[in-house]
Amino acid sequence: MLIPKILVNGLVVLCTSLGISCSPLQTPLQSTCSNPSVRREWRTFSVQEKAAWIQAVNCLSHLPHDPALTPTVDRSISRIPPINTSDLAYIHMDLNTRIHFTGLFLPWHRWFLYAFEQSLKNKCGYTGVSPYWNWTLDAHNIHESSFWDPDPESGVGGWGDPNEDYEVPDGGFSKLHVSYPSPHILRRKFSLRPFNLPLPFFTEPLKEANITFTADKVERLIHLPAGDFRWFQAELEAFQGSHSGVHLMMGGDMGGQCPKNAPPDCTIGPLWSPNEPLFWMHHATVDKLWYEWQRRSPESAKSYHGGSIPALAEGLNFYYQYPNGAPPYLHLNSSMPVDGMFPEVTIGDMLNTTDGPLCYVYE
């Protein structure tokens, strides 16, 4: 069973006073789920619920570095700067070559999102549920959508100011300071055609991002053949699919664009995308699509297949052969890396959102 929350919070206060690391996520894993939380679309939140989530996210961004963070990927491979603060962003940066285009993509991000949710609750007193962002509601005119609410307490804010290095000027995150790749204010730089880059994996460079996350595209995705996890992930994580489309369309931090004050060796790519609070809503939607595909059939519910090595270095043909990772293959009992920040769980632990350590559903 879980340690009662009052004891967890008391333990955190005690550890803090002693100057030692004691993450509330380093507690025994839940084995039963009798009252799952229900994740909801952002626009169904009340003004008060939106403000509470924004306040908690801002709170988490102000917490000091946790010395428990232990990078596991050599920086010559991950190509990232030294640790500063923003620990959750750093985990994503450190593990980027292990958690994208491999079999870890969906289960790892499911656990990462759950760990973020628990951090909001245990470290910042959040009592609500995790929101997701249904992008299909905005696909017809994403740039002008009412989703980009400028309210300073309950809005996510709008697009960045081009005169201020695309810093977000309004909404509840207009003063969100982030650490990577260099200290700056949260940035967003809209691009309807973000695939127009000299990369071999962008085979349709003029493709508009908003057509990757329309309602019909999402419906097609969740109705892919039952039990074929490899195909499902390949479609969802495709270079010009909905996952990448939203990341790159938003530019700035979500799209991994270097700010003006970035060091000369700054590498473009969505490594530090967790700087952007909408990363969590976006990946909740990605997770929801997996959840819906799983629920369509018993075969899909337990389906899993993936390799541990991104098949990107050898070109398109090799990638098409191993779209979610080349051998050595991962298995349901394979542990997922967490850089010392929260309990290690297995891939198999992530297949059911109401079993093992997880306890949530989607509306």
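This is a guided tour of one predicted model, stop by stop.

**Before you start**

Residue numbers run from 1 along each chain as its sequence is written, and side-chain values use heavy atoms, with hydrogens and water left out. Because the model is predicted, local features need pLDDT of at least 70 and side-chain atom pairs count only at pLDDT 80 or more, while totals for chains, interfaces and linings use all residues.

**Whole chain**

Show the protein chain as a cartoon. It has 12 helices and 7 strands. These are DSSP runs numbered from the N terminus: helices are H or I with at least four residues, strands are E with at least two. Of the 363 residues, 54% are buried. Buried means under 20% relative accessible area, exposed means over 50%, and partly exposed lies in between (1.4 Å probe, protein chains only).

Switch to the surface. The accessible area is about 15700 Å², and carbon and sulfur atoms hold 56% of that. Areas come from the Shrake-Rupley method with a 1.4 Å probe; for residues, only the protein chains shown count as cover. Now consider contacts, meaning heavy atoms within 4.5 Å. Among those between residues at least 6 apart in sequence, 67% join residues at least 24 apart.

**Helix α2**

Select residues 47-61. This is α2, with 15 residues. From first C-alpha to last, α2 reaches 21 Å, close to the expected 21 Å. The expected span is 1.5 Å times one less than the number of residues.

Colour the buried positions of α2: Lys50, Trp53, Ile54, Ala56, Val57, Asn58 and Leu60. An α-helix has 3.6 residues a turn, so residues three or four places apart point the same way. The buried residues of α2 pack against α4 (87-94), α6 (105-124), β2 (131-132) and α10 (278-295).

**Helix α9**

Select 242-250, which is α9. How many residues of α9 are buried? The count is 9 of the 9, so α9 is largely enclosed by the rest of the structure. Among them are Ser242, His243, His247 and Met250. The cover over the buried residues of α9 includes α6, α8 (229-236) and α10. Step just past the helix to glycine 251, where phi is positive at about 55°.

**The largest pocket**

Centre on Leu199, Phe239, Ile268, Gly269 and Pro270. Of the 32 residues that line the largest pocket, these lie nearest its centre. A pocket is found on a 1 Å grid over the protein atoms alone: an open set of points with protein on both sides within 12 Å along at least five of seven lines, while a cavity is a set of points where a 1.4 Å probe fits but cannot get out; lining residues have an atom within 4 Å of a point.

The largest pocket holds about 1000 Å³ of space. Volume here is the space filled by probe spheres set on the points, with grid points joined across faces, edges and corners. Which helix gives the largest share of the lining? That is α9, with 4 residues. α5 (96-99), α9 and α10 each supply at least two. By class, the lining has 14 nonpolar, 15 polar and 3 charged residues. Ala, Val, Leu, Ile, Met, Phe, Trp, Tyr, Cys and Pro count as nonpolar, Asp, Glu, Lys and Arg as charged, and the others, Gly among them, as polar.

**The cavity**

Select Leu106, His109, Arg110, His283, Val286 and Asp287, which line the largest cavity. α6 and α10 are the elements that give two or more residues to this lining. The volume of the largest cavity is about 30 Å³. Its lining has 2 nonpolar, 2 polar and 2 charged residues.

**Backbone stops**

Most residues other than glycine have a negative phi, and most peptide bonds are trans.

- Proline 181 sits in the loop between β3 (177-178) and β4 (184-185).
- Proline 327 to proline 328: another cis bond, with omega about 5°. Proline 328 is in strand β6 (residues 326-329).
- Tyrosine 166: phi is positive, about 65°. Tyrosine 166 lies in the loop between β2 and β3 and is partly exposed, at 23% relative accessible area.
- Aspartate 339: phi is positive, near 55°. Aspartate 339 lies in the loop between β6 and β7 (360-362) and is buried, at 3% relative accessibility.
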